[in-house]
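Here is a friendly walk through a structure, with a few helices, a core and some backbone angles to look at. Please keep the model open beside the text as you read.

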Amino acid sequence: MLEKLFKLREHNTNVRTEVIAGLTTFLTMAYIIFVNPSVLKDAGMDQGSVFVATCLAAAAGSFIMGFWANYPIALAPGMGLNAFFTYTVVLHMHYSWNVALGAVFLSGCIFIALSLFKIREWVINSIPQSLRLGIAAGIGLFLGFIALKNAGIVVNNDATLVGMSSLKSPETLLAALGFFIIIALDALKIKGSVLISILAISVISLCFGMVQYHGIISAPPSIDKTFLQLDIAGAFKVSMISVIFAFLFVDLFDTAGTLMAVAQRGNLLDAKGNLPRLNKALLADSSATVIGTIFGTSSTTSYIESGSGVEAGGRTGLTAVVVGFLFILALLFSPLAEMIPEYATAGALFYVCVLMVSSLSHIEWNDLTEAAPAVIAAIMMPLAYSIADGIALGFISYAVIKLLSGRYKQVSISVWCLAVIFIVKFAFG
């Protein structure tokens, strides 16, 4: 049955290798079951329900990718997208988390439409590479800023807007230690460095009485407080256009980049360098986002950590299916998730920041008409505390700079349209 479903012999693999690869991938991305509830809790969502929603969305997305697209790529609620959901849409723009879920649902539906009608190539190719790199780095900086705030390192300062704390509190020191552990373990090529760090900091906190022991295993909490609680009608507002686009844009390019990167590592590309069954993979990702909003979590996306499973030998969808079953099993560890303090996850957020900011190295720094808009998009995300505003300013500046420098022919129609839409939003929003 497994041979028929996943064509193991055709991909030069076997059940044992795929199971080990699935376990490897799960260990590298399991931190999301602790981080995602911690982030969405700040939006006013029930932490226990989000924990269940996170596990179910990750399992559903991984199952669809594995059984339907037959790729060793696991899915889960995306880092960066969950921070944008909480800290920008809910806390900064003052929308309810129900409306924010509605916006994510609509972005997922648009993603499905783009995949079904095969418009995705036009969309991806029409966005300048420099803007894509700048946006990725900006999301990383945004996550880094949130991590430093959660760790108590960056604090409010009336004179300079932000400042640094005294670094004397135990929570701040443990948050910093957590980040150092992740980097050290990653340098030593130890799988699950982020998960190990989160658990280590939590155990230290427990030993010093900084957190309460709730147990390790129990029946999963109720999902009633988030299940089917999205407000789709509330997301149909002009002011939500940039929000929906931000969710869509980030998910689309993050997914495309992840699919190609993981496929290249596993030699899954065809002779022309294309990814077979790309349409199925994109539909699996977009469907997982829609399903995730029904359960009650932010955008579900493909994880670059799947590359660790590919390096362990994973070549088929059986790897993703194994990850899905492990997320189902993780539902039993809700007491452990409740015990994880916020500062224990700060190191994970800053680690993702480091990985994402590295994309700046690929920008054409010799061409300032490309580099400047990318930097504007990147730096405005943390400073404006909004991924959507950073994206908007990036598109506007790209179009204006190219126009004034006489290079307007280098600007695609889609970029012109989006720049005008964003200008209108800022003018009348």
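A residue is called buried when its relative accessible area is under 20%, exposed when it is over 50%, and partly exposed in between, using a 1.4 Å probe and protein chains only. This is a predicted model, in which local features need pLDDT of at least 70 and side-chain atom pairs count only at pLDDT 80 or more, while totals for chains, interfaces and linings use all residues. Residues are numbered from 1 along each chain as its sequence is written, and side-chain values use heavy atoms, leaving out hydrogens and water.

Helices (H or I, at least four residues) and strands (E, at least two) are DSSP runs, numbered from the N terminus. Leu161 lies in strand S3 (residues 161-164), and its relative accessible area of 67% makes it exposed. Although Leu161 is not a glycine, its phi is positive, about 70 degrees. Asn70, also not a glycine, has a positive phi of about 60 degrees. You will find Asn70 in the loop between helix H4 (47-69) and strand S1 (75-77); with 9% relative accessibility, it counts as buried.

Axes are lines fitted to C-alpha atoms, for helices over the stretch in contact (heavy atoms within 4.5 Å). Angles run from 0 to 180 degrees between N-to-C directions. Those under 35 degrees count as roughly parallel, over 145 as roughly antiparallel, 65 to 115 as roughly perpendicular and the rest as oblique.

| Helix pair | Angle | Axis separation |
|---|---|---|
| H3 and H5 | about 15 degrees | 9 Å |
| H3 and H4 | about 135 degrees | 9 Å |

H3 is therefore roughly parallel to H5. Their contact involves Ile32, Asn36, Val39 and Leu40 of H3, together with Asn82, Ala83, Phe85, Thr86 and Tyr87 of H5. H3 is oblique to H4, and among the H4 residues in that contact are Val50 and Phe51.

What about the interior? A nonpolar core is a set of buried Ala, Val, Leu, Ile, Met, Phe, Trp, Tyr and Cys residues joined through side-chain atoms within 4.5 Å. The largest one has 126 residues, and those touching the most other members include Met65, Phe85 and Phe247. Helix H11 (residues 241-265) gives the most to this core, with 13 residues. Beyond four places away in sequence, Met65 touches residues including Asn70, Tyr71 and Leu259.
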